[in-house]
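Here are my notes on the model you sent over. Have the structure open while you read, and go through the points in order.

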Amino acid sequence: MTQTDRGSTSLTTVLLTPVFVGLAFTAFQAAMFTHARTEARSVARDAAVLVARQGASAPAVERSAEDVLDRADLLSGTDVDIRVDGQLVVVHLTGSAPGIIRGTGAGIDITESLPIEGFRP
């Protein structure tokens with residue numbers, strides 16, 4: 001180490017620390033959004049299965065799906081809409097996944113559809 005290199009390690013640390021902290025926050029935020037989207041897709045798929053394969057009432061399943069999402073505290077402003085169109089059940093789920101920083105978030109819009117199954121004479 002020469003006389004001209006004194007303090008270069010401290011300067012490098014001071015300059016790179018915010019970059020690494022920013023990358024860590026970005027990675028954590030991406031993981032949170034992905035988790036919220038995956039959970040919402042799972043709830044939508046389960047709701048479609050209940051109506052299409054088990055013959056459950058669409059309004060009751062809508063309320064149940066919204067309750068599950070509210071209890072999980074992953075999304076805010078959730079809305080679940082289930083339509084039975086002839087031989088197809090379509091579940092449309094919307095909501096907002098909150099971000100790490102107040103006021104940030106990502107909208108989630110998921111549609112799942114399944115054919116109605118059962119005995120048809």
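1. Let's start with the overall layout: which strands does helix H1 (residues 8-54) lie across? Keep in mind that this is a predicted model. Helix H1 lies across E1, E2 and E3, and runs at about 25° to E3. There is also helix H2 (residues 58-72), which lies across E1 and E2 and runs at about 155° to E1.

2. Now the sheet itself. It is an open sheet of 3 strands, in the order E1-E2-E3, and the pairing is antiparallel. E1 (76-85) and E3 (105-115) are the edge strands: each has a single partner strand, so one side of each has no neighbour in the sheet. On average, neighbouring strands here are turned by 10° against each other, if you ignore direction. As a reminder, strands of a sheet pair through backbone hydrogen bonds.

3. Take the E1 and E2 pairing next. These two strands pair in the antiparallel sense over 8 bridges. If you want a spot to look at, find Val-84, whose bridge partner in E2 is Val-89. The two strands form a hairpin with 2 residues between them, and Gly-86 in the turn has a positive phi of about 65°.

4. On to the other pairing. Strand E2 (residues 88-98) is joined to E3 by 11 bridges, and the two run antiparallel. Two pairs are handy for finding your way: Val-90 stands opposite Ser-113 in E3, and Val-91 stands opposite Glu-112 in E3. The hairpin of E2 and E3 has 6 residues between the strands, and Gly-103 in this hairpin takes a positive phi near 95°.

5. Look along E3 and sort its residues by face. In a regular strand, the side chains alternate between the two faces of the sheet. The covered face of E3 has Ala-106, Ile-108, Ile-110, Glu-112 and Leu-114. The uncovered face has Gly-105, Gly-107, Asp-109, Thr-111, Ser-113 and Pro-115.

6. Is Glu-112 buried or exposed? With a relative accessible area of 12%, Glu-112 is buried, because the cut-off for that word is under 20%. Side chains of opposite charge can pair when their charged atoms come close. The side chain of Glu-112 meets that of Arg-41 in a salt bridge (3.1 Å, N to O). This pair links distant parts of the chain, with Arg-41 in helix H1 and Glu-112 in strand E3, 71 residues apart.

7. The side chains of Arg-45 and Glu-112 meet in a salt bridge (3.5 Å, N to O). Arg-45 lies in helix H1 and Glu-112 in strand E3, so this pair ties together parts that are 67 residues apart in sequence. Put together, Arg-41, Arg-45 and Glu-112 are linked in a network of salt bridges. Arg-41 counts as partly exposed at 37% relative accessibility, and Arg-45 counts as partly exposed at 36%.

8. How many salt bridges does a search of the whole structure find? It finds 3. One of them joins Arg-53 to Glu-117, with the closest N and O atoms 3.2 Å apart. Arg-53 lies in helix H1 and Glu-117 in the segment after E3, so the pair ties together parts that are 64 residues apart in sequence. Arg-53 is partly exposed, with a relative accessible area of 38%, and Glu-117 counts as partly exposed at 43%.

9. Leaving out residues up to four places away in sequence, Gln-29 touches Pro-98, Gly-99 and Ile-100. Leu-16 also lies in helix H1, but Leu-16 counts as partly exposed, at 39%. Leu-16 is one of the residues in a nonpolar patch on the surface, together with Leu-11, Val-14, Leu-15, Val-19, Phe-20 and Leu-23. The patch has about 700 Å² of accessible area together.

How values were computed. Residues numbered from 1 in each chain as written. Predicted model: local features only at pLDDT ≥ 70, side-chain atom pairs only at ≥ 80, totals over all residues. Heavy atoms only, no water. Pairing = 2+ DSSP bridges. Helix = DSSP H or I, 4+ residues; strand = E, 2+ residues; numbered from the N terminus. Axes fitted to C-alpha atoms, helices over the stretch in contact; angles between N-to-C directions. Contact = heavy atoms within 4.5 Å. Patch = residues over 30% accessible without salt bridge, like charges linked within 9 Å, V, L, I, M, F, W, Y side chains within 5 Å. Areas by Shrake-Rupley, 256 points an atom, 1.4 Å probe, with all protein chains shown as cover. Salt bridge = Lys/Arg side-chain N within 4 Å of Asp/Glu carboxyl O. Buried < 20%, exposed > 50% of the residue type's maximum accessible area, 1.4 Å probe, protein only.
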